[in-house]
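Here are some exercises to work through with the model open beside you. Try each task on your own, then follow the solution step by step.

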Amino acid sequence: DGVYDFLIIGDDVSRWSPAGKNFTDGVYEVEATHVEGPLDNGYGMLLRADTEKGVFYLFKVSGDGYVWIGRYVDEGEDQAIIGGHWFESPAVKTGLNETNKLRVQAESGNMIFFINDSEVGRVTDNNFTEGDVGLFAQSLGLGGVRVLFDNLSVTPLEK
């Protein structure tokens with residue numbers, strides 16, 4: 001009945017919080033509301049994560065209207081898998097106190113990414129086939145980025 005309140009105090013810091021579960025194919029969803037701090041930030045969800053190794057897929061948006069979809073392949077090494085890097089999308093609600101609903105439909109290596117029910121990308125990538133789900137936030141310069149996450153869910157695909 002509450003929200004997960006995620007605050008990044010430091011400058012240029014990325015952090016995630018895993019659920020401690022293991023999932024494979026399914027529909028991953030979360031609602032995220034940026035409530036404080038600079039709009040130059042990143043927040044979203046990670047999936048198919050091995051958090052001990054620091055490897056996972058990451059789907060994030062920024063308060064100023066950009067999207068990043070990729071994977072972390074080593075602690076600190078990220079690779080965009082759609083768009084080459086951050087890309088602007090009209091699907092992202094910008095500014096403070098705007099809620100963005102992120103959804104990923106993942107089946108085998110096929111993943112489709114949605115923001116507020118608008119498709120923003122699709123890819124086939126078989127690097128990670130199962131793992132944890134979690135929340136992610138980062139400051140891309142100045143700290144003080146605060147995001148409220150709500151309604152994180154994973155619905156397994158019926159086979």
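**Exercise 1. Find the largest nonpolar core and name the residues with the most contacts inside it.**

Step 1. Start with the meaning of the term: a nonpolar core is a set of buried Ala, Val, Leu, Ile, Met, Phe, Trp, Tyr and Cys residues joined through side-chain atoms within 4.5 Å. Buried means under 20% relative accessible area, exposed means over 50%, and partly exposed lies in between, with a 1.4 Å probe and protein chains only.

Step 2. The largest such core has 36 residues. Phe-59, Val-67, Ile-69, Val-104 and Phe-113 have the most contacts inside it.

Step 3. Now look for a second, separate core: it has seven residues, including Leu-46, Phe-56, Leu-58 and Tyr-72.

Before you go on, a word about the model. It is a predicted one, in which local features need pLDDT of at least 70 and side-chain atom pairs count only at pLDDT 80 or more, while totals for chains, interfaces and linings use all residues. Residues are numbered from 1 along each chain as its sequence is written, and side-chain values use heavy atoms, with hydrogens and water left out.

**Exercise 2. Describe the overall fold: how many helices and strands does the protein have?**

Step 1. Helices (H or I, at least four residues) and strands (E, at least two) are DSSP runs, numbered from the N terminus.

Step 2. Counting them gives zero helices and 12 strands. Along the sequence the pattern therefore reads β-β-β-β-β-β-β-β-β-β-β-β.

Step 3. The radius of gyration is 14 Å, close to the 15 Å that the globule rule gives for 159 residues, so the protein is as compact as a globular protein of that length. This radius is taken over C-alpha atoms, and the rule is 2.2 Å times the number of residues to the power 0.38.

Step 4. Along the principal axes, the C-alpha atoms fill a box of roughly 40 × 35 × 30 Å.

Step 5. Of the 159 residues, 48% are buried. Contact means heavy atoms within 4.5 Å. Among contacts with a separation of 6 or more, 67% are between residues 24 or more positions apart.

**Exercise 3. Is Val-61 buried or exposed, and which residues is it in contact with?**

Step 1. Locate Val-61 in strand β5, which covers residues 55–61.

Step 2. Val-61 counts as buried because its relative accessibility is 0%.

Step 3. Leave aside the neighbours within four places in sequence; the contacts of Val-61 then include Asn-41, Tyr-43, Trp-86, Leu-102 and Ile-115.

Step 4. Go on to Lys-60, also in strand β5. Lys-60 counts as buried too, at 3% relative accessibility.

Step 5. Finish with Tyr-43, placed in strand β4 (residues 41–50). Tyr-43 is buried, with a relative accessible area of 0%.

**Exercise 4. In which loops do Ser-89, Asn-97 and Asp-117 lie?**

Step 1. Ser-89 is in the loop between β7 (77–88) and β8 (98–107). At 9% relative accessibility, Ser-89 counts as buried. Not counting residues up to four places away in sequence, Ser-89 touches Gly-65, Val-67 and Val-120.

Step 2. Asn-97 lies in the loop between β7 and β8. Asn-97 is exposed, with a relative accessible area of 55%. Its phi is near 65 degrees, a positive value in a residue other than glycine.

Step 3. Asp-117 belongs to the loop between β9 (110–115) and β10 (118–124). Asp-117 is exposed, at 54% relative accessible area, and has a positive phi of about 70 degrees although it is not a glycine.
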